[in-house]
Each structure stands twice: as C-alpha cells, then as structure tokens.
Amino acid sequence: MKIIKLNAIDSTNDFLKELARDQDLDNFTAVRALEQTKGRGQMGSSWLSEVGKNLTFSVLIKNSLSSIDTVFILNMFVTNSILEALKKFDIPELSVKWPNDIMSGKKKIGGILIENLWHEGGSISSVVGIGLNVNQTNFEGLPKASSLKNCTSKDWDIDQILLGIIDELIKIESLNLEHEASSLKVIYLNSLFMYKKPSVFEEPLQQKFMGIIQDVSSDGLLEILLEDDTVKHYNIKEIIHHY
Ligand code: BTN
C-alpha cells in the first residue's frame, strides 16, 4: 500500500481520480494532503480544514463494486471501518449520522465522499475521500463541528489515525461486499445517530415534522416513520435532520 503525501492540492479526491485514470495504481493507494484548496464535501459543499491540523485523504479501492446498485453497501463498509478505527482510539460517543457523517456526541467530526470510476471492460473503482477533524480546536461559525482534540482534550498523531483507518479499509480485500450486506447493515444501524428515537425533520421549504428513523433501504434511502404511521423514504437532498 502506497501513501502519497502532499503539502497542498485542490482536492485529494480529484488528484487520486486523475491519477487512477492515467495509470494502473496499486489497490489502496492513498493520498494525504496537509492543505486542500478546493476540498469537496457532500452535495457540492466545500470541506474546510485548517492547514496541517486535520486528516484529509483519499484511498483508491479497486474493483470496489460489482454494479453501481451496490454503492450503499460500500458506503456502510467505509463508515463502519472509520468508526471501528476511531473506537480503538477511545473516541467517545461515536455514531454515524445518515448517510455518512461521523459524529462524536452531537457534533460532526468527519465526513466521507465516495466517488466511483468506471474502467474499460466494466470494472468499477472507488475513490474514498475522508475528512476527519483531528487537532483543530476552533470551529467559528460551525457550532455543530468538532474534532478528536475537542472531544478528548489531547493532541493526536494524525498519521497514526490515517494508518488505523487504512488498516480497517483493507479488510475489504477478504470480503464479498454483497454477501456481507446484511451484517454490514446491522453494524451500521447499531451506530446510527438517533436511530429509533423521535427527531425533528424538515423537507426543504416545508414545515418541520416529527418522525422516527426506522431503517435505511438497500439503496441508501432514509426510512422515516411519520406521526400518521406511514413510512416515507428520503434521499440526501430531500430531508434535513434537526438535532
Ligand atoms: C462531507 O460533506 O461530509 C464529506 C466530506 C469529505 C471531505 C474529504 S477531505 C478528503 C477528500 N477530498 C475532498 O475534496 N473531499 C474529501
């Protein structure tokens, strides 16, 4: 496994995607940058991170999916892997806020951006981008963001955390993701933020409403039990979870 360390780059996901298009990289090639000038988050958002204080990296997983329909299984695998790695560092109150915000208590400490590449011949590789707030302590204007340092009151060795996460991710080599879908889902639901608890939600430009997260569908939609006992499915753009 190779780790490419960069001082600065626009986005480690973009860099690794380009590299993987140009050359046949080893599986689990990783790119870590001290600074991203155009770090990207979910749904076209930006991912901001103080230079050198956090973990911003991407890992290439080759032949990650047998079809694009299984993308949420990979998402669950990656999420579970990060939580497992962080558990070993005793980070408190870990959970995943659907679909893949890494939480400690009620604060977001990390996020995941998975992008897929189709190769000639039909195989699919994934660039798994992970942003984890590690030693940054000031999140001005971001009341729901935090870091490992804020949650544990100590400084962390960022490379050690990187290796801990990669150690978990490489376990995919001995798994058949589709066969593991149901056990990955059990683990994912066990860590799901506000699972089976009443919460306030909002559809964009609509009134707030109460609901209970009761499941996540195989294509990754959030299933919410509403007050009238009906169940509604939402994708990421269709729902805001207030907490
Ligand atoms: C989110 O919105 O929660 C996902 C954030 C993902 C950020 C990481 S940082 C490394 C990689 N490169 C990017 O440009 N984005 C991802």
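Where does methionine 43 lie? Methionine 43 lies in the loop between β2 (30-36) and β3.

A word on the model. It is a predicted one, so local features need pLDDT of at least 70 and side-chain atom pairs count only at pLDDT 80 or more, while totals for chains, interfaces and linings use all residues. Residues are numbered from 1 along each chain as its sequence is written, and side-chain values use heavy atoms, with hydrogens and water left out.

Now the whole chain. It has five helices and twelve strands. The C-alpha trace spans about 55 × 45 × 35 Å along its principal axes. What radius of gyration does the chain have? The chain has 18 Å, which agrees with the value near 18 Å for a compact globule with 243 residues. That radius is taken over C-alpha atoms, and the globule rule is 2.2 Å times the number of residues to the power 0.38.

Next, burial. Buried means under 20% relative accessible area, exposed means over 50%, and partly exposed is in between, with a 1.4 Å probe and protein chains only. Of the 243 residues, 49% count as buried. The chain exposes about 12,200 Å², and carbon and sulfur atoms supply 49% of that area. Accessible areas come from the Shrake-Rupley method with a 1.4 Å probe; for residues, only the protein chains shown count as cover.

Contacts come next. A contact means heavy atoms within 4.5 Å. Take the contacts with a separation of 6 or more: residues 24 or more positions apart account for 62% of them.

On to the pockets. Rolling a probe the size of a water molecule over the atoms shows where empty space is left. A pocket is an open set of points on a 1 Å grid over the protein atoms alone, where a 1.4 Å probe fits, with protein on both sides within 12 Å along at least five of seven lines; lining residues have an atom within 4 Å of a point. Points are joined across faces, edges and corners, and a volume is the space filled by probe spheres set on the points.

How much space lies in the largest pocket? About 1,100 Å³. It is lined by 48 residues, and the closest to its centre are Gln42, Ser45, Trp47, Asp101 and Lys108. Which element gives the most to this lining? β6 does, with four residues. The elements that each supply at least two residues include α1 (12-22), β3 (55-65) and β6 (107-118). By type, the lining of the largest pocket divides into 21 nonpolar, 20 polar and seven charged residues. Here Ala, Val, Leu, Ile, Met, Phe, Trp, Tyr, Cys and Pro count as nonpolar, Asp, Glu, Lys and Arg as charged, and the others, Gly among them, as polar.

The second largest pocket has a volume of about 430 Å³. Its lining has 16 residues, and Gln42, Val71, Asn75, Pro99 and Ile236 are the closest to its centre. Two or more residues come from α2 (71-88) and from β6.

Pro99 deserves a stop. Proline 99 is found in the loop between β4 (94-97) and β5 (101-104). The peptide bond from tryptophan 98 to proline 99 is cis, with omega near 0°.

Back to methionine 43. Its phi is near 55°, a positive value in a residue other than glycine. Is methionine 43 buried or exposed? Methionine 43 is exposed, because its relative accessible area is 51%. Serine 153 also has a positive phi, near 60°. Serine 153 sits in the loop between α3 and α4 (158-169). At 68% relative accessibility, serine 153 counts as exposed.

Serine 81 lies in helix α2. Its relative accessible area is 3%, so serine 81 is buried. Leaving out residues up to four places away in sequence, serine 81 touches Glu168 and Leu169. Serine 146 is in the loop between β7 and α3 (148-152). Why does serine 146 count as buried? Because its relative accessibility is 6%. Its contacts beyond four places in sequence include Lys107, Phe139 and Cys151. Serine 146 and lysine 107 are 39 residues apart in sequence, yet 5.7 Å apart in space, C-alpha to C-alpha.

Last, aspartate 228. Its place is the loop between β10 (222-226) and β11 (231-234). At 56% relative accessibility, aspartate 228 counts as exposed. Aspartate 228 and alanine 20 are 208 residues apart in sequence and 49 Å apart in space, C-alpha to C-alpha.
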